[in-house]
Amino acid sequence: MADVLDTRQFRSSTQAALMSLAVAVCYYAAGRLGLMGRLVVEGAVVTPIWPPTGVAVAALLLLGARVWPGIALGSFLVIASLTTPGPTTVVTVVSNTVAPLCAFLLLRRVGFRLDMARLRDGLSLVFLGGFGAMLISATAGVGLQVAKGSLDKSEFWPVWLAWWVGDTMGVLLVAPLLLVLAGPAGRFRVRRWKEAAFLGLTTLILMPMAVLSPMSMLFLVFPLLIWAALRFQLAGSILCALFASVLATFEATSGRGAFLHLTDVEIMAKLQAFNGSAALTALLLASVITEQRATRRSVRRACQELAEVLEHLAAGEPSPAPPGTAESRAAPPGGPRNP
């Protein structure tokens, strides 16, 4: 019996180690991708979208808290690829690990569902997993820069805001996409595939025009987000929002299109406002539509079950006529009486 327990524990430990290693690899790859769109704000390098936070939160929600070593290892590898690790690296790694863990614990406490089929799930991810938990990593990271003297105290808030928004955008844009990909695949009819292809083609044409145009036509993105959310819920809307945000980020880093002739602070403010608006529109609208459709399906299912019950009752003994009807008045309680 002891050998069996030891074997099970060994298998469980090996499985957790392999999953943590996979999470570390995904975290590092996402970090390298996020660094491709970095900006400089007040002399500090920040990323408008930091995908590793979304990878970390999604991994914890899907695999559990046992994969937190993978998050810490991935964070260390990203830092080591940028600079020589030192004593301050420990603080950064801890904050980058604790923030997703707090997001996971908060979401689990409020009953977050991975399918995000309710509006409360979308709101929980936004305010608890994104806005709330990412305060930890942003405050620790920027505070560490100020403490060691590489950042002036007057520059704390601009850099802190950019750091916090970047981590939050990673949660709001990347984590829902990973949860959708990990969930059960839905079945599309041929007509839906045609509409999805048309939406994708329209997105590929219209979004670059909106972002690349120096006339600042970013508002053209939102009808596409609404269309995607109404017809394809979270899978469609979050893909459109992520594509628009990535495209806008790369244009902002080069100072072209809608971000032409702007200062670094203005570019970051405009990009953060656009990315945040796109993420919130895609996430919350898709959650509302999904919840309404689920409610409609529940009502339809209840009506079908009620109809089946009535059919079974009709096949058996006839139900007595309701009191007060003509049939009940025709037959007195004592039975028929002769005049």
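The lining of the second largest pocket divides into 14 nonpolar, 13 polar and 3 charged residues. Here Ala, Val, Leu, Ile, Met, Phe, Trp, Tyr, Cys and Pro count as nonpolar, Asp, Glu, Lys and Arg as charged, and the others, Gly among them, as polar. The model is predicted: local features need pLDDT of at least 70, side-chain atom pairs count only at pLDDT 80 or more, and totals for chains, interfaces and linings use all residues. Residues are numbered from 1 along each chain as its sequence is written, and side-chain values use heavy atoms, with hydrogens and water left out.

The second largest pocket holds about 810 Å³ of space. Its lining is made by 30 residues. V45, L82, T92, Q145 and W163 lie nearest the centre. Two or more lining residues come from each of α1, β2 (44-46), α3, α4 (87-109), α6 (134-147) and α7 (156-182). The most come from α7, which gives 5 residues. Pockets were found on a 1 Å grid over the protein atoms alone. A pocket is an open set of points where a 1.4 Å probe fits, with protein on both sides within 12 Å along at least five of seven lines. Lining residues have an atom within 4 Å of a point. Grid points are joined across faces, edges and corners, and the volume is the space filled by probe spheres set on the points.

The secondary structure of the protein comes to 11 helices and 2 strands. From the N terminus on, the elements run α-β-β-α-α-α-α-α-α-α-α-α-α. Helices (H or I, at least four residues) and strands (E, at least two) are DSSP runs, numbered from the N terminus. The protein has 339 residues, and 41% of them are buried. Buried means under 20% relative accessible area, exposed over 50%, and partly exposed in between (1.4 Å probe, protein chains only).

L21 counts as partly exposed because its relative accessibility is 47%.

Side chains of opposite charge can pair when their charged atoms come close. A search of the whole structure finds 3 salt bridges, each defined as a side-chain nitrogen of Lys or Arg within 4 Å of a carboxyl oxygen of Asp or Glu. D121 and R118 meet in one of them, at 2.8 Å from N to O. D121 is buried, at 1% relative accessibility. R118 is also buried, at 14%. E195 and R231 form another salt bridge, with their closest N and O atoms 2.8 Å apart. E195 lies in helix α8 (residues 190-212) and R231 in helix α9, so the pair ties together parts that are 36 residues apart in sequence. E195 is buried, with a relative accessible area of 18%, whereas R231 is partly exposed at 30%. R256 and E251 also meet in a salt bridge, at 3.0 Å from N to O. R256 counts as partly exposed, at 46% relative accessibility. E251 is buried, with a relative accessible area of 6%.

M116 has a positive phi of about 50°, although M116 is not a glycine. M116 lies in the loop between α4 and α5 (119-132). With 2% relative accessibility, M116 counts as buried. H261 is likewise not a glycine and has a positive phi of about 60°. H261 lies in the loop between α9 (221-254) and α10. H261 is exposed, with a relative accessible area of 73%.

M116 and E291 are 175 residues apart in sequence, yet 8.6 Å apart from C-alpha to C-alpha. E291 has its place in helix α10 (residues 264-315). E291 counts as partly exposed, at 32% relative accessibility.
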